[in-house]
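The sequence and the model come first, and the description follows.

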Amino acid sequence: MSDSVSKIKLTSNKPIYIDNDPQDELFTLNLGPTHPATHGVFQNVLQVDGERIVSGVSTIGYIHRAFEKIAERRAYYQITTLTDRLNYCSSPINNMGWHMTVEKLLEIELPKRVQYMRVIIMELSRIADHIICNGILGVDTGTFAGFIPMMVKREFIYEIFEEICGARLTTNIGRIGGFERDFNEVAFAKIRQFVKEFPAVLKEFEALLDRNRIFIDRTSGVAAVDPETALSYSWSGPILRATGVDYDVRANEPYSSYEEFDFEVPVGTNGDVYDRFLVRNHEMWQSLRIIEQALAKIEKEPKGVFHADVPDFYLPPKEQVYNNMEALIYHFKIVMGEIDAPKKELYHSVEGANGELGFYLISDGGRSPYRLHFRRPSFINYQMYAPMSSGMLLSDAIINMSSLNVIAGELDA
Amino acid sequence: MAKLSNDSIIGRLNTRFEGRFDQIEASYGLLTIETGKEDILDVLEFLKTDGELQFGYLTDITAVHYPDLAKEFAVVYHLHSLVNNVRIRIKVFLDGAYPAIPTATVLWNGANWMERETYDFFGIQFIGHPDLRRILNVDDMEAFPMRKEYPLEDPNRMDKKDYFFGR
């Protein structure tokens, strides 16, 4: 693969349509919508010259579900389930991001313990998401061996989520104002067990691939992007950091007490597939560090605090609802979305697993947002895929897509 | 580095665009300015290339529909200065009859799909856009679904009307 084109000159985003005329020897290839190598619903109509892609055009929207429109009729707490389905590989980050947006609107200050609990949840889902991406990248480049032990650990993270909220994939973790219940002892024990056991697996995974000649030949220099181009395409997340730009929302605009944690923002140098792989691996180590610190911080906080005191938005406990009039009234008002939010407009962003996940919310004081826009990192990252593919070998384009880690749910919203 | 204050951003903008933009608000510390569609490209370019401000990162482009206003559509740009670590929001209000605005793709490649999405959902024409097609909806769709007049559910459904909630 040494002849693969490393630097792609981006001149135009326009697709070049050429008929299937045998004279020019170009062939139209439909990569997707349901191609096994694309891991999701992505269609790319490619013009290929043998193994080499001449031009491509991406078609997206196959699982568009109109979340922004639906959100205009839903009460704030009902929108959490919509955010689950954006990046479904790390839905807790989306849930937390949405809760934090509404809390910012309502100006709710959370107890420190809840913020640390959120940090644990978000970092666990970041690890889960990176496990998927890097594990699959290994599979796409030809080794199944690293993938299986990593996926076992991802399953374990899902078990932790199950212990905390009862669900695995579309988690709906947390409520506006905190969590629906405290983490139980089993959950804490499992988080500690994960922090203890995961480093060995990650080390083994790195030992398998980091210095692997085949893997490096296959990924190094492939789809290299320079920082200027990446910024011009509004990239964010690990793929932007792989180009050398140290932009991380957790560090730039800390939320949920991230400023108290000691962690590094790993950056790459070449912006190629190999660097993206390394950046994600390093981020997993940093996430582990953050989880360890958060566990230590939680120990020092008063036990049993898992939500802020906001009776207007946080559901009262069920036994009170059945026996206490005031609690029943609040329960009804919250469920019906009867409580007014302030008339304001805000943008809040969190560092999702794929980049800056932003929520642009306009409230007109009613039960649901006047307008809600999701800044979805996958959608914005993916638009460079077709232009950067031209000139690339087909097999390189496949691993390029893996390393972008585009999640169809986040792409289409 | 000291964080760039909103006042100094306004001051810097005033050196070139005095009277051609309004400050709307700065809730949660995020400065929001409004300008006209004649000036938007100049303002964006100035913000992007100015050596002091360096709003080089386009976070997002979207739109909002206010059917009750004289100018129905607001196109909303979020820019981010990674150097100064400060954000700015720019709004441009457009007529309802033929909402059109110059494209920002000349400044950022990433504006391409953001503008296509905005066109797809609001029908806003981005003049000069290289490839203004629908992106998430089907190509032969006729409506612009994020406009407020486009019903989400059965419009006869009454149980979610605001007056049932005392509004």
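UniProt positions are given here in the numbering of this structure, feature names are shortened, and annotations may be inferred rather than shown by experiment. An unreviewed UniProt entry places the feature "domain: NADH-quinone oxidoreductase subunit D" at residues 140-412 of chain A. Helices (H or I, at least four residues) and strands (E, at least two) are DSSP runs, numbered from the N terminus.

The model is predicted: local features need pLDDT of at least 70, side-chain atom pairs count only at pLDDT 80 or more, and totals for chains, interfaces and linings use all residues. Residues are numbered from 1 along each chain as its sequence is written, while chains are lettered from A and ligands numbered from 1 in the order in which they are written.

**Helix pairs in chain A**

Axes are lines fitted to C-alpha atoms, for helices over the stretch in contact, and angles run from 0 to 180 degrees between N-to-C directions.

| Pair | Axes come within | Rough crossing angle |
|---|---|---|
| α4(A) (residues 112-140) and α11(A) (residues 273-300) | 9 Å | 155° |
| α11(A) and α16(A) | 10 Å | 25° |

Angles under 35 degrees count as roughly parallel, over 145 as roughly antiparallel, 65 to 115 as roughly perpendicular and the rest as oblique. The crossing angle of roughly 155° therefore makes α4(A) roughly antiparallel to α11(A). A crossing is left-handed if the near helix is turned anticlockwise from the far one by less than a right angle, and right-handed if clockwise. α4(A) passes α11(A) in a left-handed crossing. The residues of this contact divide into 14 nonpolar, 4 polar and 6 charged; Ala, Val, Leu, Ile, Met, Phe, Trp, Tyr, Cys and Pro count as nonpolar, Asp, Glu, Lys and Arg as charged, and the others, Gly among them, as polar.

α11(A) and α16(A) are roughly parallel to each other, and their crossing is left-handed. Two residues are in contact if their C-beta atoms, placed from the backbone, lie within 7 Å. The contact is made by A:V273, A:R276 and A:F277 of α11(A) and by A:I399, A:N400 and A:S403 of α16(A). By class, it has 3 nonpolar, 2 polar and 1 charged residues.

**Cover and exposure**

A residue is buried if 20 or more other C-beta atoms lie within 10 Å of its own, exposed if 12 or fewer, and partly exposed in between. Helix α16 (residues 394-404) of chain A is mostly covered, with 8 of its 11 residues buried. Among the buried residues of α16(A) are A:I399, A:N400 and A:S403. Just after α16(A), A:N405 takes a positive phi of about 55°.

A:E326 lies in helix α13 (residues 325-335) of chain A. A:E326 is exposed because it has 11 other C-beta atoms within 10 Å.

Chain B has 3 helices and 7 strands, which run α-β-β-α-β-β-β-β-α-β from the N terminus on. Its C-alpha trace spans about 55 × 45 × 25 Å along the principal axes. Of the 167 residues of chain B, 38% count as buried.

The contact between the chains takes 35 residues from chain A and 32 residues from chain B. Elements giving two or more residues to the chain A side include α1 (67-71), α8 (227-232) and β4 (345-351) of chain A. By class, that side has 12 nonpolar, 10 polar and 13 charged residues.
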